[in-house]
Amino acid sequence: MSAILARIDAAVLGDRHARLIDFLTARIGPQGAVQDRCASRVAESALFLRLLQGEHAEPGVQDGLITYLRGAEPGDEGSQILRDAALGHPDLRRAGAFCERFEHGTGERKQLMLRTAFALFDLLPFEDLPPIRYQGQAVWTEVSLCACSILHGHAHGRRDEADQAFLTGHLASAGPARVWQGNVLAHLIALHALRTFEPGGLLTVNGIEAVAATRRCDGGVPFVTSQDVFNTALAGIAVADGDGPPQLIARMADWIAAQQLPDGGWGYSTDTSQTDTDDAARCIQFLHLVSPGRYRQAVENGYAYLAGMADQGGGFPTSVRGHPPEVDVSAAAIIALSSDLSRHAGLIGSSVRYLAGHSQDHGSYPRGWTASEASVIRLVLDALALAPDPDPAVRRAMRNSVHRLCLDQNGDGGWGHTWGEPSDVLSTAQAVPALIGRAPGPLTDRAVRWLLAQQHDDGGFTSIPDQVGPRPLPYDFPVLASIHALNALNAAQESAPAQRAGQAHAPAVTARASASPEYGGTGGTGRQLPDFYCPFPSAAHPLGAQADARSVDFLYRHGLCAGDAERDRLARAGCGDMVARTCPAARPDLLQVTSDYNIWAFAFDDEYCDEGQLREHPGELADAVARIQRCADVPEHTVYPGDRYGASLRELRSRFAQCATPLEADRFADLMRGYFAAEVRKAGFVARGQRPGLDDYTLYRLYGGGAMVYTELIAVCNGCPAPPRLLADRRVRAIIEVAATLTVWGTDVFSFGKETERTGDGFNLIDAVCQETGSGVDEAYERAMIMWDRMMTLFLRLRDRLMAELPQLGGYVAGLGEYIRGVLDWCRTTDRYVYLDGRGGPRAFTPGGWRATPRDSSTDPLPIPSVSWWWRYDPAVAAGPAQQRHHPGHLTGLGTSAARSLLHDRGQQQHLAG
């Protein structure tokens, strides 16, 4: 279960969900089919106008087509070129350049069709082509390629009677006034070819009449006449998952079962005889969902159809067996076959390996029949999740895809077709169910809010299209936006916990609130952050979302934070997600107590140390933390019952003792002393108005924020704590401190924008470097990353030596690496740092990537006195007196600026007094 809707009113979500189901069910016809029409498209409208102009036919229709084309603003360049040419503004140079760089997975076939369409407008010459092998393709592709062959041959004085007979025979089979196979584009190309040998013939007249009958109210014509089978199956799955009207769902399923074709498959519409994997998979999934018994025979025939389409490598083609497989349709086939997992285990296994093997570009996949990256990722994630015993490649592919979607989310909470494109409903609706339960709760919370803000008063949604055909031309069935939005709201509603007692103050989501800057402002992309050198793999615990939800409950139950606004902000941070990333193999009970401590620590920092009233009163802060510490020291008795942080920390210590051991709970409580002492010291700096130099800051940060506490918690949570006797080994102490410092320094790189905006007290690594060196912020980032890399290379050398010499520490040391990487991964996506207000407003940064090599791998110690001792145990150090290498380096006075300032102030006071 996810915490994504912990702060969204469940009643509001339920109302929006019900309105959407009402919107969709109103579009189901009496027989059970979804009633929707494909929107006009530029390519077909331009080709139809060209045909009518050549035939001197239908002047009124021509006027309507011209009006449509003048107002059209296609998003793809190919359609723009055709539109301009149809309106009398051909751009031969642009057309030629576009064709030269055009590439697609279907290769020469798509290139030929594109060049033929351009040649019909004299943008390119018809080529002198060798004979085209067009049979054995999908039925509309056969006719289109045959027409291309006729057109190019005619331009060079050739005719092939077999081609002509094939074309006329297929067009005649459509019947009077009907578009052949419902494919307007294929029919139009065929009519252009028909004019070369039967100008003005009956088939041409009938064809013009058929295409004219498909006109839309805007004057244009569509790509296809219908997609009723695909749309009905897809809507049926969504409505059934959303507990829609049972009688209506049964009527839809009966209609789908009746559309099965003799080979056991389904086509995308009732106008075509061509079956395909994608439609068959959706229909099987729907029928099995509704009633496996009632539709047993249809489902069995469908299984046989899918099994016959698979290739030896586990991939599935779209329409013709033996053609190259497609990632998205293969994923759909796996989902359909999984309804009888035991029977299809072998095929599903090979198909899962096929999908995992095609993961590319950090988690993305080739986009087959969609323009939206989120669409294919969602299908693949759902398919891979069905693997009963996923191997490391499958788990890695899933993690990468989830991470990719997290990074690609726009500042407003939605997704575009690809990274950097404006958010649209279809892409966002595909991403939401892919991420719920797999990504940080605040991230999906923001996405659901954005989606709800796009809902119309009638309950429906609209979007730019994401289907493409022929690829890569997009086409639009408007109802799909609402169908996919229902899938997203189904997932959101299923994951939404009931509103907690005492949380009537939780802000209800309305369209107005969701669209407000509080919930959706973008504010640009923020500072571009540098790349990190961190050679540890990403990982995440599968119960991270559940842990996050329960930690938010812990936050509210104890009344942590200064008020409702602060609690709301922290609830979005994904504290459970951070622990899931740092403890990917934790026992659930230990994961939960560590997640609860994580949200406790952030709340304490916000209320007491960073933004609260005691942040500049070290004496009062020392009194407060002494009482909190005493609560943790005495787990068997309530010392200060009115202290929220003391009581909640006492509970955590007691739970920790039950999950781990009393000795480990004692060590946890003892480590809190260093945490509290560091924060009191920081308050002294703030009270004096002083900014720390690099050494003072590094020493503070080693303990401040609980850095050293986390190293102990993470090790216990991972099930690999260090034996107490080994903790006394100075090499072990060194690597623990290195890991803690790397983690907090990494956090500083991400949190600098947020901290500058909210406090600006100078307690950040970037501030400390600026203070020490006099550099600007940009240079400080560069210096910080050089120091990070030198420290990281030291960590790696220490790790390798300890693993070799103390193998019993292998799990502990490996866990420190997971801790470092997990925190970095979390920082890249958490609302706490990504947005200056922590709530989805202006962005603080755009994350960088990952470096394969360090910027600096020197074995010289960092010139920071408080930590330079680490290098005394560096395995790379040559034999000899280690202390001779502990020099201050090329920077002088590191860590002394605060002390110098204080002494200077005292000296001035003494001088004045004298």
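The loop between α2 (42-55) and α3 (59-71) contains E58. In this predicted model, the phi of E58 is near 50 degrees, which is a positive value in a residue other than glycine. For context, most residues other than glycine have a negative phi, and most peptide bonds are trans.

Which two residues are joined by a cis peptide bond? They are G469 and P470, and omega there is about -15 degrees. P470 is placed in the loop between β1 (467-468) and β2 (474-475).

Let me now turn to the chain as a whole. It has 39 helices and six strands. Along its principal axes, the C-alpha trace spans about 110 × 60 × 55 Å. How does the radius of gyration of the chain compare with that of a compact globule? For 914 residues, a compact globule would have a value near 29 Å, and the chain has 32 Å, which agrees.

Next, I shall discuss the packing of helices. Two packed helices are described by the angle between their axes and the distance between the axes. Helix α24, residues 544-557, gives us two examples.

Because angles over 145 degrees count as roughly antiparallel, α24 is roughly antiparallel to α25. Their crossing is right-handed. On the α24 side, the contact is made by V552, L555 and Y556, and on the α25 side by R567, D568, L570 and A571. By class, these residues are five nonpolar, no polar and two charged.

In the second example, the partner of α24 is helix α26, residues 575-582. Here the axes come within 7 Å and cross at roughly 140 degrees. Are these two helices parallel, antiparallel, perpendicular or oblique to each other? The arrangement of α24 and α26 is therefore oblique. This crossing, too, is right-handed. From α24, the residues G544, A547 and D548 meet C575, G576, D577 and A580 of α26. The contact of α24 with α26 divides into three nonpolar, two polar and two charged residues.

Is the crossing of α30 and α31 left-handed or right-handed? It is left-handed. The α30 residues G674, Y675, A678, E679, R681, K682 and F685 meet D696, L699, Y700 and Y703 of α31. Sorted by class, the contact of α30 with α31 has six nonpolar, one polar and four charged residues.

The chain averages a pLDDT of 88, and 91% of the residues score at least 70. Where does the pLDDT stay under 50? One such stretch is residues 1-7, for which the model has 38 contacts beyond four places in sequence. Over residues 497-523 the pLDDT is also below 50, and this stretch has 60 contacts in the model beyond near neighbours in sequence. Where pLDDT is low, the predicted coordinates should not be read in detail.

Methods: Residues are numbered from 1 along each chain as its sequence is written. This is a predicted model: local features need pLDDT of at least 70, side-chain atom pairs count only at pLDDT 80 or more; totals for chains, interfaces and linings use all residues. Side-chain values use heavy atoms; hydrogens and water are left out. pLDDT is the predictor's confidence in each residue, from 0 to 100. Contact means heavy atoms within 4.5 Å. Axes are lines fitted to C-alpha atoms, for helices over the stretch in contact, and angles run from 0 to 180 degrees between N-to-C directions. Helices (H or I, at least four residues) and strands (E, at least two) are DSSP runs, numbered from the N terminus. Angles under 35 degrees count as roughly parallel, over 145 as roughly antiparallel, 65 to 115 as roughly perpendicular and the rest as oblique. A crossing is left-handed if the near helix is turned anticlockwise from the far one by less than a right angle, and right-handed if clockwise. Ala, Val, Leu, Ile, Met, Phe, Trp, Tyr, Cys and Pro count as nonpolar, Asp, Glu, Lys and Arg as charged, and the others, Gly among them, as polar. The radius of gyration is taken over C-alpha atoms; the globule rule is 2.2 Å times the number of residues to the power 0.38.
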